[in-house]
Amino acid sequence: CSLALLQMAERSTIENNCSIAERFRHLPSACDDWVKLNVGGKVFQTTKTTLLREPKSFLARLIQDDPDLPSLKDENNAYLIDRDPRYFPPILNYLRHGKLIIDRNLSVEGVLEEAEFYNISDLVEMLRERLNSPMLPLGDHKQVYRVLHCQERELTQMLSTLSDGWKMTQLVNIGSQYSYSSEDQAEFLVVVSREFDAPPLQEGEQSGRERSLKKRMQ
């Protein structure tokens, strides 16, 4: 009796396994979703799901074997695309997560050219906005300038007291503004600069005298 029950349990398990296998037999394999792209000689690997996120794009039409878009494959079954591979990673990453990430050494104009070729309209719009409103890249330095005014006898002392990274970048002799005494002192505009890792805090507005001196330098 125990043996018969055991055999019945085994048959039931086999039947269940066959039923499950039959149910999933017609579903596509996860491997079938992966695709290779040979862009200008460099191979990129991604999924069809990623490329289909922009249904009207060149890449979506390519992997769907659009008859109006002839395509070739290399010996490794990768789609051949005759474009510059340097600008492709931002394109592919945008399709993956919807964010625009460009390496600081990469030309935004170059990425825009590729986005237009691949017909990814939302990405094209984002790139054009970035070009029209340039921002300071993260990690870059911002050069801040100040214009100081002094007379000749004060010049040496002023330069010797510069600190905290400030350095003189330009010295402009503007002559003497007044001639009330025989000891005419030359006047100078001293342009000093300093690099900041982030935009500095705003300081108070310049005085009218400083503004007028800057205009004289232009």
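What do the buried residues of α6 pack against? We'll get to that helix in a moment, after a quick look at the ground rules. This is a predicted model, where local features need pLDDT of at least 70 and side-chain atom pairs count only at pLDDT 80 or more, while totals for chains, interfaces and linings use all residues. Residues are numbered from 1 along each chain as its sequence is written, and side-chain values use heavy atoms, with hydrogens and water left out.

Let's start with the whole protein. It has 8 helices and 6 strands; these are DSSP runs numbered from the N terminus, with helices being H or I of at least four residues and strands being E of at least two. Along the sequence they come in the pattern α-β-β-α-α-β-α-α-α-β-α-β-β-α. Of the 218 residues, 28% are buried, where buried means under 20% relative accessible area, exposed means over 50% and partly exposed is in between (1.4 Å probe, protein chains only).

Now for that helix. α6 covers residues 121-132, and its 12 residues reach 17 Å from the first C-alpha to the last, close to the 16 Å expected at 1.5 Å a residue (the expected span is 1.5 Å times one less than the number of residues). Its buried residues are Leu123, Val124 and Leu127. They cover an arc of only 100 degrees around the axis, so they end up on the same side of α6; the arc is that of the directions from the helix axis to the C-beta atoms. And here is what they pack against: α4 and α5 (108-117), with contact meaning heavy atoms within 4.5 Å.

Axes here are lines fitted to C-alpha atoms, for helices over the stretch in contact, and angles run from 0 to 180 degrees between N-to-C directions.

The sheet is open, with 3 strands in the order β2-β1-β3 and mixed pairing. Two strands pair if DSSP finds at least two bridges between them. Since β2 (42-47) and β3 (79-81) stand at the edges with a single partner strand each, one side of each is left without a neighbour in the sheet. Direction ignored, neighbouring strands are turned by 30 degrees against each other on average.

On one side of β1 (residues 34-39), the pairing with β2 is antiparallel, over 6 bridges. Val35 has Thr46 as its bridge partner there. The two strands form a hairpin with 2 residues between them, and Gly40 in the turn has a positive phi of about 55 degrees. With β3, β1 runs parallel, joined by 3 bridges, and Val39 stands opposite Ile81.

Finally, zoom in on Asn38, which sits in β1. Asn38 is buried, with a relative accessible area of 10%, and its bridge partner in β2 is Val43. Its side chain makes a polar contact with the side chain of Asp74 at 3.0 Å. Such a contact is a pair of N or O atoms within 3.5 Å; within protein, one must be able to donate a hydrogen and the other to accept it, and residues adjacent in sequence count only if both atoms are side-chain atoms. A polar atom of the Asn38 side chain also lies 2.9 Å from the backbone nitrogen of Gly41.
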